[in-house]
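Have the picture ready as you read.

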Amino acid sequence: MNDQSLLFDLPGPRALRRERIGNVVGIVVLAAITVWIIAALAAKGQLTAVRWSPFLTASAWTDYLLPGLWATVRAALVAVVAAFTFGVVFGLGRLNEVRPVRWFCTAVVELFRAVPVLVLMLFFYFMLSRLSFVPASSAAFWGVVVALTLYNGSVVAELVRSGIHSLPKGQREASLAIGLTPARSRRLIELPQALVAMMPAMVSQLIVALKDTALGYIITYSELLAAGSLLGSAKANLIPALLVTAVIFVALNFGMSWLAQWAADRLRRRTAEPMTTVTGIATASDAPDAPAGPTLPLHSHQAIRLDQARGARRRR
């Protein structure tokens with residue numbers, strides 16, 4: 001048994017055998033469904049060369065798929081960066097000691113979490129286009145970006161709040177003991193650790209933001225799904241065009257998942273530095289002869305701040 005506490009017992013021989021049987025059955029069922037789909041497409045003439053040959057031409061990619069792909073990536077990148085910023089700001093705001101600030105941030109987060117993304121896209125698209133906040137040609141783009149920012153940013157804000165709450169209380173107690181304010185403790189000590197802990201959930205939400213750009217098709221935003229549909233209509237091969245579009249979406253999501261996992265592993269390695277044990281935080285600075293207090297583990301950067309605070313007290 002390793003050092004980590006297990007929430008369930010390790011599977012025995014029977015459980016492992018049942019898992020293997022279940023995996024084999026699942027693979028067989030999935031293979032059967034795949035064969036059935038391929039046979040149905042072949043019976044309808046969707047697998048003939050004439051329907052797939054347009055994807056071997058340059059015009060199908062330069063005129064349709066690549067512009068749509070760029071539109072999807074551009075909207076997703078802007079929305080992801082804005083949603084992350086929105087989520088961090090309002091997530092910390094929900095933990096603020098000032099009640100009006102906390103209530104306002106909570107109301108904003110709960111409001112935009114409850115409204116469907118498509119409703120937000122329609123609302124901001126018509127508002128931006130009719131009030132002339134942006135050029136008419138950019139209203140669809142900004143409608144998609146603002147809607148994805150508000151919805152996914154609200155979810156990220158909840159992840160930030162829950163991630164900070166899930167940290168051990170000793171982290172905040174140690175930071176308060178060295179003279180940090182609660183706000184600086186959340187920003188400098190707790191938030192970096194919470195970001196590492198909530199990285200898997202955040203990656204899933206960012207992938208949702210990428211896929212939700214396809215809803216921009218409803219407000220005339222020419223993203224990847226719209227480009228694939230136009231290509232299918234122009235070449236009379238709608239189903240192959242949608243299949244190719246789905247493959248591109250899968251590749252995008254897989255690439256984003258791999259990149260986010262790589263960033264999370266790198267961040268986890270950087271934060272998993274040797275721990276420094278600090279004894280008697282509450283009494284060592286003011287009463288050197290007092291009995292040692294509880295032993296609290298601190299990261300190296302926290303220990304550096306503790307040493308700086310002690311040095312400042314000695315100089316005073």
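Which residue forms a salt bridge with Glu110? The partner is Arg94, and the closest N and O atoms of the two are 3.6 Å apart. Keep in mind that this is a predicted model.

## A bridge between distant parts

Glu110 sits in helix 4, while Arg94 belongs to the loop between helix 3 (58-93) and helix 4, so the pair links distant parts of the chain, 16 residues apart. Glu110 counts as partly exposed because its relative accessibility is 36%. Arg94 has 12% relative accessibility, so this residue counts as buried.

## A network of charges

Side chains of opposite charge can pair when their charged atoms come close. A search of the whole structure turns up 5 salt bridges. Glu110 takes part in another one with Arg113, at 3.4 Å from N to O. Both of these residues lie in helix 4, 3 residues apart, which is about one turn of the helix. Arg113 is partly exposed, with a relative accessible area of 35%.

Now look at helix 6. There, Arg161 and Glu158 meet in a salt bridge with an N to O distance of 2.4 Å. These two are also separated by about one helical turn, because they are 3 residues apart in helix 6. With a relative accessible area of 17%, Glu158 is buried. Arg94, Glu110, Arg113, Glu158 and Arg161 are linked in a network of salt bridges.

## Helix 4 against helix 6

Two packed helices are described by the angle between their axes and the distance between the axes. For helix 4 (residues 99-114) and helix 6, the angle is about 125 degrees and the axes are 8 Å apart. Helix 4 is therefore oblique to helix 6, and their crossing is left-handed.

Helix 4 brings Val108, Val109, Glu110, Phe112 and Arg113 to the contact, and helix 6 brings Leu150, Tyr151, Ser154, Val155, Ala157 and Glu158. By class, these residues are 7 nonpolar, 1 polar and 3 charged.

## Helix 5 against helix 6

Helix 5 (residues 117-131) packs with helix 6 (residues 139-165) at an angle of about 140 degrees, their axes being 8 Å apart. This pair is therefore oblique too, but the crossing of helix 5 and helix 6 is right-handed.

Terms used
Residues numbered from 1 in each chain as written. Predicted model: local features only at pLDDT ≥ 70, side-chain atom pairs only at ≥ 80, totals over all residues. Heavy atoms only, no water. Axes fitted to C-alpha atoms, helices over the stretch in contact; angles between N-to-C directions. Helix = DSSP H or I, 4+ residues; strand = E, 2+ residues; numbered from the N terminus. Parallel < 35°, antiparallel > 145°, perpendicular 65-115°, else oblique. Left-handed = near helix turned anticlockwise from the far one by under 90°. Contact = heavy atoms within 4.5 Å. Nonpolar A, V, L, I, M, F, W, Y, C, P; charged D, E, K, R; others polar. Salt bridge = Lys/Arg side-chain N within 4 Å of Asp/Glu carboxyl O. Buried < 20%, exposed > 50% of the residue type's maximum accessible area, 1.4 Å probe, protein only.
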